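Let's take a walk through a protein model together. Keep the sequence and the 3D view handy while you read.

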Amino acid sequence: MQACFLDCAAMHRHRLLAIVPIAAGLALVVAPDAALAHGLVGREDLPIPKWLFGWAAAAVLVASFVALAVLWPEPRLEQPSERRVAAVPRFLDPLAGALGVAIFALTLYAGFAGDQTTTNNLAPTLIFVLFWVGLAVVSPVVGDLFKALNPWRAIARAVAWIAGRAGRGLPEPMPYPQRLGRWPAALGILAFAWVELVYSGRGDPSNLAVLALVYAAVQFVGMSLYGIETWNRYGDGFGVFYGLLGRIAPLRWARDGLYVRRPLSGLTGLDVVPGTVALLCVIIGTTSFDGLSGGAAWGEISPQLTDMWRSLGFDQSLALELAFTVGLVASVLVVAGLYRFGVLGMQSVDPRDATPTAEVAGRFAHSLVPIGLAYVIAHYFSLLAYEGQRIGYLASDPLGTGANIFGTNTATVDYTWVSATAIWYVQVAALVVGHVAGLVLAHDRALISFADNRTATRSQYWMLVVMIAFTSLGLWLLSAANS
Amino acid sequence: MIAPLAHVGHWAINLLYVAPLVVVVAVLGYQTLKDRRQLRREGGQERRAPDEAA
């Protein structure tokens, strides 16, 4: 289903507050109308029913929880240690920046000047597959690669450098408003997800090029107001997203060298500012909607929502977009509600602790990062595995004009190199590993947040419930989307 | 009402995805109640101790 935006030309696509969206989510799972008369025909050749994978995943999470309670009595990730293993040549940073600018320029050029057929143009595959999914898969391994490639940052730094050399310099940036936090990044990722999953013109390369220019313009304004690095740390949706994923990695790139650290330990140093939890809920929620929108449940709900909007006077296309927008936002709210439920539960184990709920939510926000990654891998792995191959012929013919720059323009997409069964196993493994990593991070943080280990462990009952809920939700969405 | 019942096999399978969550919530809920009772007992014993000493 994730591949659909490339292939389909037409549009396809305090406690009470916490309980309401959860109830909505559960109702969606069990709603009889949602799955009426739809057969669950799996393409995979699995030895056990798919739902049994949900049980196995829950068992793994419970076993991990018990193992953490027994074998992990001291925080191990909270005081990260790292060691420098290599120097980083000074030319590497501007070189990577120039490469990023070149790729961005090529994407824009292809978008405006190339064939406007989605699969014949480099822009859609580069943006939705290699950039959005490919970088998300690479960043947790090699570190924050996007920071080096970021074309907007590279251009801004080049302008600042030239201004400095010219002796003029640039005006001092304004102090970044604390209240803004990572909210601009959350809105940026939500807007991107909307384009990817809702916008009917997403398959049009020129539309994508215009939107990329608009996004770049917003970044330039942000950087000029608040400073390049500050804006990239808090305001640039992609900068923040890949920066978070890069914190999972055992590598950290700095000006003075390459550092090695324990995987996940980079996340414990995440500064929690407003909007951090929202950004993570947006990542998980929008990815969930990607799965949901490919399933039978949404197939039953969306026509009703669309009819509702049409009855209010909107035309079919706009009504469909509005229906999908409602689904997208509802998915984010369900995820946010689940997390808030877990946080409120954690607070309940120590009634003497008067820490505000938002602060506790922020304290454990880093545990959502591996879950976000798990959701992205689980939902988009097939997209990367299949649609990513298009780069073979698009590299030689980026504009779809019949060019053959590297002699590969006859390359095709091999849909048999990885089986549906293998994809299912990758999806399940990603979800389980991501949620176990989330449990580890939450447990480690609980050990320094609560008065004693016993209270810390009891507080994590709630996080265990949240993790199992996310895992079950993820597997259900995937099984529905794959059917 | 008839249609959902006639297709119960189709949608009921969705419940199996929620089942592990329900089981874990039930077990942890029971454990939480036990913990609270034990804490209350321990608290009560601590409060009684000075009286007994007097």
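What follows is a short tour, from confidence scores to sheet, helices, core and a few single residues.

## Ground rules and confidence

This is a predicted model, in which local features need pLDDT of at least 70, side-chain atom pairs count only at pLDDT 80 or more, and totals for chains, interfaces and linings use all residues. Residues are numbered from 1 along each chain as its sequence is written, while chains are lettered from A and ligands numbered from 1 in the order in which they are written.

Chain A averages 88, with 90% of its residues scoring at least 70. Chain B has a mean of 73, and 61% of its residues reach 70 or more. As a whole, the model scores ipTM 0.72 and pTM 0.86.

Each chain also has a stretch to treat with care. In chain A, pLDDT stays under 50 over residues 1–42, for which the model has 90 contacts beyond four places in sequence. (Two residues are in contact if their C-beta atoms, placed from the backbone, lie within 7 Å.) In chain B, pLDDT stays under 50 over residues 50–54, and there the model has zero contacts beyond four places in sequence.

## The sheet in chain A

Helices and strands here are DSSP runs numbered from the N terminus: helices are H or I with at least four residues, and strands are E with at least two. Two strands pair if DSSP finds at least two bridges between them. Three strands of chain A form an open sheet in the order E1-E3-E2, with antiparallel pairing. Strand E1 (82–86) and strand E2 (251–254) are the edge strands, each pairing on one side only.

Look at how E2(A) meets E3(A): a hairpin joins them through two residues. Four bridges link these antiparallel strands. Ala254(A) has Gly257(A) as its bridge partner in E3(A), and Leu251(A) stands opposite Val260(A) in E3(A).

## Helix H7

Helix H7 of chain A covers residues 151–165, so 15 residues, and reaches 21 Å from its first C-alpha to its last. That is close to the expected 21 Å, a span defined as 1.5 Å times one less than the number of residues. Just after H7(A), Gly167(A) takes a positive phi of about 80 degrees.

Which residues of H7(A) are buried? They are Pro151(A), Trp152(A), Arg153(A), Ala154(A) and Ala156(A). A residue counts as buried if 20 or more other C-beta atoms lie within 10 Å of its own, exposed if 12 or fewer, and partly exposed in between, with C-beta atoms placed from the backbone. The buried residues of H7(A) pack against helix H4 (92–113), helix H9 (205–226) and helix H10 (228–234) of chain A.

In soluble globular proteins, nonpolar side chains tend to be buried together. A nonpolar core is a set of buried Ala, Val, Leu, Ile, Met, Phe, Trp, Tyr and Cys residues joined through C-beta atoms within 7 Å. The largest one here has 136 residues, and those with the most contacts inside it are Ile189(A), Cys281(A), Tyr339(A), Leu439(A), Leu464(A) and Val466(A). Helix H19 (residues 453–482) of chain A gives the most to this core, with 18 residues.

Not counting residues up to four places away in sequence, Leu464(A) touches Leu61(A), Phe65(A), Leu439(A) and Val24(B). Chain B itself has two helices and zero strands. Buried residues make up 13% of its 54 residues.

Leu264(A) sits in the loop between strand E3 (257–261) and helix H12 (276–292) of chain A. Its phi is near 80 degrees, a positive value in a residue other than glycine. Most residues other than glycine have a negative phi. Leu264(A) is buried because 24 other C-beta atoms lie within 10 Å.

Tyr242(A), in helix H11 (residues 237–246) of chain A, is buried because it too has 24 other C-beta atoms within 10 Å. Leaving aside neighbours within four places in sequence, Tyr242(A) is in contact with Leu135(A), Ser139(A), Asp144(A) and Phe146(A).

Notes. pLDDT is the predictor's confidence in each residue, from 0 to 100.
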